[in-house]
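Me: I'd like to learn how to read a model like this one, step by step. Could you walk me through it?

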Amino acid sequence: MFGMAAFAFEGAGVVIPSECSMKKPEKFNKVLVSVLSAATFMYITFGVLLYTAFGPETGFTTGQITENLEQFATHMVDRSFWHVMQIVVRLCLVFGIGMSVSVQLIVVLDIVEKELFKPGRFSQNNLFWKQNLIRAVMTVIGLSLAASGLSFGHLVSLTGAFSGTLMQFIFPAACYLKCFRDSLSLCQKLGMWLLAICGVIFGGLATYVTLIEMFS
């Protein structure tokens with residue numbers, strides 16, 4: 001559960017680039033609060049409605065609600081309509097994930113490309129094609145993991161529990177303590193330490209539980 005929640009709100013890596021790209025960055029805090037509030041409302045509403053409809057069998061095999069929609073379609077009188085609807089939902093899911101991949105990879109690709117293409121390290125000829133080759137390789141790696149047969153629910157939970165926890169709880173607190181150590185009050189330091197410790201504990205437990213479930 002913790003891993004799922006961490007994954008759902010994962011996006012720490014695009015916060016700073018998003019603020020820098022805004023026309024009016026002074027309004028970033030309002031935008032961030034509005035987006036997080038809307039996302040939280042939709043997550044809770046959608047989850048409650050689905051669990052009310054399908055109970056413990058929600059995403060019973062792979063952790064995807066599309067399974068339940070397919071099962072629902074087979075029990076309806078007008079099967080053709082509901083069959084088409086569940087296909088539309090799957091296509092929308094694929095489209096949404098496909099469009100978000102590029103956003104999630106912005107920071108990673110920026111770091112990798114700056115490191116690889118430092119002056120004097122590699123030839124700057126055909127830089128455009130070299131950069132796109134790296135992007136294509138990373139996309140293929142992601143697609144390979146997605147097609148590896150791992151349960152979608154386990155994959156999401158593991159990603160959130162391990163990398164999501166590092167990005168949202170541990171690294172921000174550690175960097176803040178490192179950069180502003182001398183100007184922080186005791187309460188602020190305790191707050192940062194508490195955030196990091198909670199990340200280590202809950203992230204570690206969630207990672208352990210997910211790995212046990214994956215290999216059991």
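This is a predicted model: local features need pLDDT of at least 70, side-chain atom pairs count only at pLDDT 80 or more; totals for chains, interfaces and linings use all residues.

Me: Let's start with the overall picture. How many helices and how many strands does the chain have?

Reply: Begin by listing the elements. Here the secondary structure comes to nine helices and zero strands, so read from the N terminus the order is simply α-α-α-α-α-α-α-α-α.

Me: And what share of the 216 residues is buried?

Reply: Burial is judged by relative accessible area, with under 20% as the cut-off. In this chain, buried residues make up 18% of the 216 residues.

Me: What about contacts between residues at least 6 apart in sequence: what percentage join residues at least 24 apart?

Reply: That figure tells you about sequence separation among the contacts. For this chain it is 55%.

Me: Now a helix pair. How are the axes of H6 and H7 placed?

Reply: Look at distance and angle together. H6 covers residues 106-116 and H7 covers residues 127-146; their axes come within 11 Å and cross at roughly 135 degrees.

Me: Why are H6 and H7 called oblique to each other?

Reply: It's down to the cut-offs: over 145 degrees would count as roughly antiparallel, and 65 to 115 as roughly perpendicular. The crossing angle of H6 and H7 is roughly 135 degrees, so the two helices are oblique to each other. As for handedness, H6 passes H7 in a right-handed crossing.

Me: Which residues meet there, H6 on one side and H7 on the other?

Reply: From H6 you have Val108, Leu109, Val112, Glu113 and Leu116, and they meet Gln131, Ile134, Arg135 and Met138 of H7. By type, the residues of this contact split into six nonpolar, one polar and two charged.

Me: On to single residues. Is Ser157 buried or exposed?

Reply: Check its relative accessibility against the cut-off. Ser157 has 9%, so it counts as buried. You'll find Ser157 in helix H8, residues 152-179.

Me: What does the side chain of Ser157 make a polar contact with?

Reply: With the side chain of Thr210, at 3.0 Å. Setting aside neighbours within four places in sequence, Ser157 is in contact with Gly3, Met4 and Thr210.

Me: Last one: how does Leu69 count by relative accessibility?

Reply: Leu69 is at 22%, so it counts as partly exposed. Leu69 sits in helix H4, residues 65-74, and beyond neighbours within four places in sequence it is in contact with Gln86 and Val89. The C-alpha atoms of Leu69 and Phe54, which are 15 residues apart along the chain, are separated by 9.7 Å.

Terms used
Residues are numbered from 1 along each chain as its sequence is written. Side-chain values use heavy atoms; hydrogens and water are left out. Helices (H or I, at least four residues) and strands (E, at least two) are DSSP runs, numbered from the N terminus. Buried means under 20% relative accessible area, exposed over 50%, partly exposed in between (1.4 Å probe, protein chains only). A polar contact is a pair of N or O atoms within 3.5 Å; within protein, one must be able to donate a hydrogen and the other to accept it, and residues adjacent in sequence count only if both atoms are side-chain atoms. Contact means heavy atoms within 4.5 Å. Axes are lines fitted to C-alpha atoms, for helices over the stretch in contact, and angles run from 0 to 180 degrees between N-to-C directions. Angles under 35 degrees count as roughly parallel, over 145 as roughly antiparallel, 65 to 115 as roughly perpendicular and the rest as oblique. A crossing is left-handed if the near helix is turned anticlockwise from the far one by less than a right angle, and right-handed if clockwise. Ala, Val, Leu, Ile, Met, Phe, Trp, Tyr, Cys and Pro count as nonpolar, Asp, Glu, Lys and Arg as charged, and the others, Gly among them, as polar.
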